[in-house]
Amino acid sequence: MAPDPDAALMVAFQGGDEAAFRALFEKHGRATMAFCQRFVKDAARAEELTQDVFLKLHTGADRYQPSARFTTFLYRIATNHCLNEVRRGEYRARPEIDPDSEDGSPLDPDALAGPAATPEEEARGNALSRDVEAMLSRLPESQRAAFVLARFEGLPYEEIALVLGTTVPSVKSLVHRATVSAARALESWSGEGAEA
Amino acid sequence: MTRREIHVEEELTALLDGALEPARRAEVEAHLAGCAGCRAGRDSLAAALATIGTLPPPAPPLPGFEQRFYARLAREAPRRRSLLERLGARPLRWLVPATGLAAALAVGIWVRQDRQRADLEMARHLDLLENYVEVASLDLVETPEDLDVVVHLDEIREGHP
Ligand SMILES: [Zn+2]
């Protein structure tokens with residue numbers, strides 16, 4: 001019956017198998033945190049959001065229908081939760097931006113690129129990450145969600161439509177408008193790789 | 001700029017994503033062959049995608065990621081479950097907001113495949129679940145009156161996708 005191994009794990013968990021739920025967290029927890037980090041900068045907050053998402057998944061497992069793809073269910077919870085978080089953040093009084101974050105040093109030392117990167121590559125990666133974060137934060141939320149799902153998660157438009165509860169033509173338009181904004185915001189980065 | 005040209009421009013990202021039907025793809029490519037403006041647009045989008053492809057991955061979690069989650073799960077899951085059981089004693093149908101039902105019905109007209117329908121049905125239930133859990137986290141739901149608040153949360157929220 002179950003179309004994929006994750007769906008089989010969810011069905012096992014619905015039957016009371018907690019180990020199956022842990023297997024799902026161990027398989028998708030880190031990827032979910034990476035997804036949440038496209039919405040919140042702070043790693044500790046992103047981890048907390050990931051925990052919230054899996055708590056919702058745990059509590060709401062009965063709502064899962066095995067004919068649906070597990071990742072669609074997971075992305076739907078995660079997207080709604082992250083957008084709610086972004087919305088809450090907008091209502092909060094924002095502290096002034098840490099001046100240290102503007103001079104090229106990262107706010108979070110863990111945000112550095114992998115250990116193989118040279119200091120120059122790290123600096124470039126951090127600067128690009130900041131530009132992308134700023135670009136994402138300016139997008140309308142539905143564009144932001146569609147863009148993250150398409151560009152960073154690699155989801156096909158059909159699945160994005162299911163995650164966002166909208167149509168494929170609407171997803172096509174959301175992803176396109178967001179990509180046009182990205183092209184404008186990141187214009188100075190293009191061709192930079194060829195010079196290096 | 002012709003209406004048709006605007007349509008081509010709007011489909012350049014889908015073209016790069018390989019998301020166009022073969023016939024439409026051929027039309028867009030034929031247009032690109034004769035239109036420098038649209039080619040420049042496509043190249044600018046492609047450059048953005050290439051730049052994004054060089055973005056370093058987000059920082060991995062600190063060690064103990066799984067253990068921290070399991071500890072929180074052990075603390076919080078029983079209370080969430082018990083609240084959901086109390087709410088679940090009512091028929092789900094009653095709990096589905098009318099707007100959600102209407103939207104699901106409207107969507108059902110164009111959805112054909114069973115899998116998609118299952119996904120949408122699930123998504124509809126999930127919106128309710130979102131509400132349950134949000135309210136549960138505030139310890140607000142104690143009486144049937146509180147349930148009304150849960151049911152209407154979608155209407156209270158703004159900008160829900
Ligand atoms: Zn053209």
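A: Chain A holds nine helices and zero strands, where helices (H or I, at least four residues) and strands (E, at least two) are DSSP runs numbered from the N terminus. Along its sequence the pattern therefore reads α-α-α-α-α-α-α-α-α. The model is a predicted one, in which local features need pLDDT of at least 70 and side-chain atom pairs count only at pLDDT 80 or more, while totals for chains, interfaces and linings use all residues, and side-chain values use heavy atoms, with hydrogens and water left out. Residues are numbered from 1 along each chain as its sequence is written, with chains lettered from A and ligands numbered from 1 in the order in which they are written.

Of the 196 residues in chain A, 49% are buried, that is, under 20% relative accessible area, with over 50% counted as exposed and the range in between as partly exposed (1.4 Å probe, protein chains only). Contacts here are heavy atoms within 4.5 Å, and among those in chain A between residues at least 6 apart in sequence, 61% join residues at least 24 apart. The accessible surface of chain A comes to about 8900 Å², with 54% of it belonging to carbon and sulfur atoms; such areas come from the Shrake-Rupley method with a 1.4 Å probe, and for residues only the protein chains shown count as cover.

The packing itself can be followed through helix α6 of chain A, residues 141-152, which packs with helix α8 of chain A, residues 168-185, at an angle of about 85°, the axes being 8 Å apart. Axes are lines fitted to C-alpha atoms, for helices over the stretch in contact, and angles run from 0 to 180 degrees between N-to-C directions. This angle makes α6(A) roughly perpendicular to α8(A), because 65 to 115 degrees counts as roughly perpendicular, under 35 as roughly parallel, over 145 as roughly antiparallel and the rest as oblique. On the α6(A) side the contact is made by A:S142, A:Q143, A:A146, A:F147, A:A150 and A:R151, and on the α8(A) side by A:L174, A:V175, A:R177, A:A178, A:T179 and A:A182. These residues divide into seven nonpolar, three polar and two charged, where Ala, Val, Leu, Ile, Met, Phe, Trp, Tyr, Cys and Pro count as nonpolar, Asp, Glu, Lys and Arg as charged, and the others, Gly among them, as polar.

Helix α5 of chain A, residues 119-138, also packs with α6(A), at an angle of about 140° and with the axes 9 Å apart, which makes α5(A) oblique to α6(A). Here A:V132, A:M135, A:L136 and A:S137 of α5(A) meet A:R144, A:F147, A:V148 and A:F152 of α6(A), and the residues of this contact divide into six nonpolar, one polar and one charged.

Within helix α5 of chain A lies A:A134, which counts as partly exposed because its relative accessibility is 28%. A:A134 and A:A185 are 51 residues apart in sequence and 8.9 Å apart in space, C-alpha to C-alpha.

For context, chain B has 10 helices and zero strands, and 37% of its 161 residues count as buried. The accessible surface of chain B comes to about 9100 Å², of which 59% belongs to carbon and sulfur atoms.
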